[in-house]
Every structure is written in C-alpha cells, then in structure tokens.
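The following paragraphs lead through a structure, beginning with a metal site and then turning to the strands.

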Amino acid sequence: MPAALPPEVSRVIELIRGEPLAVAIVVAVVGLAAIALVALLLRRRSRTHGSKFRRVLAKQDAVTVLLHPNPDPDAMASALGVAHLGSMVDTTTDICYSGRIAHQENRAFRTVLDVDFERIEAATDLPNTPVVLVDHNEARGFQGCEGIRPIAVVDHHPGDGYGSNFTDVREEYGACATIIAEYFQGLGATPGDQGLPSGVATGLLYGILADTSHLTRGASRADFDAAAYLSPGVDSDALDRIANPPVDADVLDTVATAISERDVRGPFAVSDVGEITNPDSVPQAADELLQLEGITAVVVFGSNGEELYLSGRSRDDRVHMGDALSMAVDEIAMSEAGGHARMGGGRVSVPHLEGLRPDSGITRDVFKDRLFDAMAGDVS
Ligand SMILES: [Mn+2]
C-alpha cells in the first residue's frame, strides 16, 4: 500500500491536474528568469576592467584627469588613454598637472603628440568636474589637494588611495600605461585604428618604456605583453622624436661640467657645476654622472641666482638618496630636499647657505663634504 502523500503535495497535484497550462506557464517564466539571471551574473563576471572603467566615465559629462606633480611620460600617456576612452562614450576630459613638465623628453612627448595639459597651482584651479587620478593614488603637491576625492584611480604605486566608483592599482606592474593598454585590449581595440589611434598607442608604449628603463627594470610579463599589443599601432617616427629629442646646448654644457668637475670619493661622486641657466640641466647631469663606471651614487648641484638646485641618483642599496639629500640640507633655512631611494632633488637658498650674517653659513665646498657624509650615512 503506497504511503499517504502529505496534504500540501496532494493539493499541488490537484492544481496541476486542474490548470496544466497555467502551471506550465509559471514554470516556464520562472525557468527563463533563472536563466537570464545566471547569464547576467556571468556577463558581469566576464566584464573587463576596461569596460567597467569606461562605464564609470560614461556616467559623467566631463572628468578631470589629474597627473602627479612634475608629470612623467607614463602619467601623461595614461591620461591620454583615459581621454580617448572618455571620448568613446562622449565624456570630455581636461588633463591637469601641478609643478613642471621639465625634462626635454617630457616636453617632446607633449609637443610631438600635440596634447594639451593644463597647469594648476591649487585645487581651486581645477575644473569643477569629477577627478580621475592616474599614476598616483592620492592627490598631492598643491594647495587643497588633500580635499580631493577622486571617482576613479588607476595606478601602479603602493598607497591607500582609492576612487569612490573605481579603483585599479597594480603594484606589480612596471607602468600605469600597461594597465590602460590592457583596457583597450579588453575592449577589442586594434592599435592604429579608431579604437586606439596611433598617437595614443605611441604614447602608451613610450610610457611603458620610460617607466621600465626600456623594459630592463621592474618590467613584468604584463608590461612586455602590453608593449607587444601596442607595437603594430606605434608611429615609429614620433616615438623616435620623443625618445631622442635634440638636447639644449646649455644642458650639454652642464653635463660636461658635471663630468669634468666631479669629485669622487669611493663609490660616490659629487659635482658642483657652478652657475647654470637652466635648472632642468641638473637632474640630467646627475643621470649622466651615474653612468660612470664604479660610481653607485651621485649628487650634482648648481646655482641660478639665489637658488641652488641639487639632484641625486643612487643605484646603491645602502644609499637612500631622498633621505641623504634631506639630511644634507637639514640645518639650512629656507631649503628643502627629499625623494625616493633611487632619486631625489631639492633646492637650497644661496643666501641662507652662505649665512645671512657674517661668520655664519657654510661654503659650497663644506656643503659638498656634507653631501658625501650624508651619502655615507655619517650625518647625525
Ligand atoms: Mn608610472
């Protein structure tokens, strides 16, 4: 004898017998809804970072892409990429930076690719549109920057900054431009075509090359892959003009003086290049001096009127250049210096270096000794 069915089940069976069509429709609708839901979830999972980022841009009429102070090619290229992604969804972009676009390489980048960047001095100079940060994750370096809450952040530096609607920070990548290139790739763009014009592809490749010392330093698999993806769309003439710009005569003069006037003590070199006309020449001279065989850390300084500019480079794990420079100028009023482990810079007030009153202050030679001591870690 079959066991009696529970009353609920019997009622359902009766219902099916009574209204088979209605029940079939309900079952079909519920089934289709479930299939649609699963498809939607799968689509969401497979949506690329690029399309997510572009949707964030699409929700705005206009955005401000903010570069870090004294922007480098990677930051500029990333902004160029964001501007193009924005243009695909009718979002206009202003690209803003503080500080200077100095190195002639950086200037060439801006000139050759014919892009417009707006210089700002304070947060109040920014257009009144949502901010997207590229190549840094917290706004810095100008008045009012601490109040900026970006809607999106795309970066490859460590830090706690984030965007309210979108954050993509990949510390293992050698360049921010690599992340942007992946966005284009994920969206199916062909470099050189409308989806990723040659100028943008060229800029992105140069950004990657610049940030990884031509794929020799800190380059990940992703950076190589992005460079390979971009290469068919690159304008090689433009790339050459950016990478090998003509050098100003006064920059070459400063480089020559830095080399001939160098003072070498052990693995360190310091060079006082005297009076200079172009402060940009000092970091370039430091770059060159570091190429000398046997030298692992260098500082170059030169003065222009009442300002003395200094720039240091280190490939020595024992020398944190930013800290060394900061220590060396510590007791000189109206002076500041700092930076990262491998590079640093600063400015010293010449009147304060020499001492504003008689019998105080230090000579440039004593300052040079201090720089050597700071690099050796002997400054207390
Ligand atoms: Mn970068």
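Does H156 count as buried or exposed? H156 counts as buried, at 8% relative accessibility; buried means under 20% relative accessible area, exposed over 50%, and partly exposed in between, with a 1.4 Å probe and protein chains only. The model is predicted, so local features need pLDDT of at least 70 and side-chain atom pairs count only at pLDDT 80 or more, while totals for chains, interfaces and linings use all residues. Residues are numbered from 1 along each chain as its sequence is written, and side-chain values use heavy atoms, with hydrogens and water left out.

The manganese ion has as its protein donors D74 (OD), D135 (OD), H156 (NE2) and D211 (OD), which lie 2.1 to 2.3 Å from it. Donors are N, O and S atoms within 2.8 Å of the metal (3.2 Å for Na, K and Ca); water is not among the atoms, so sites may look incomplete. Along the chain, the donors of the manganese ion follow the spacing D-x60-D-x20-H-x54-D. Because H156 lies in the loop between β5 (152–155) and β6 (166–169) and D211 in helix α7 (residues 198–211), the pair ties together parts that are 55 residues apart in sequence. D211 counts as partly exposed, at 27% relative accessibility.

Helices (H or I, at least four residues) and strands (E, at least two) are DSSP runs, numbered from the N terminus. Strands β1 (residues 62–66) and β2 (residues 92–97) run parallel and are joined by 5 bridges; two strands pair if DSSP finds at least two bridges between them. V63 has T93 in β2 as its bridge partner.
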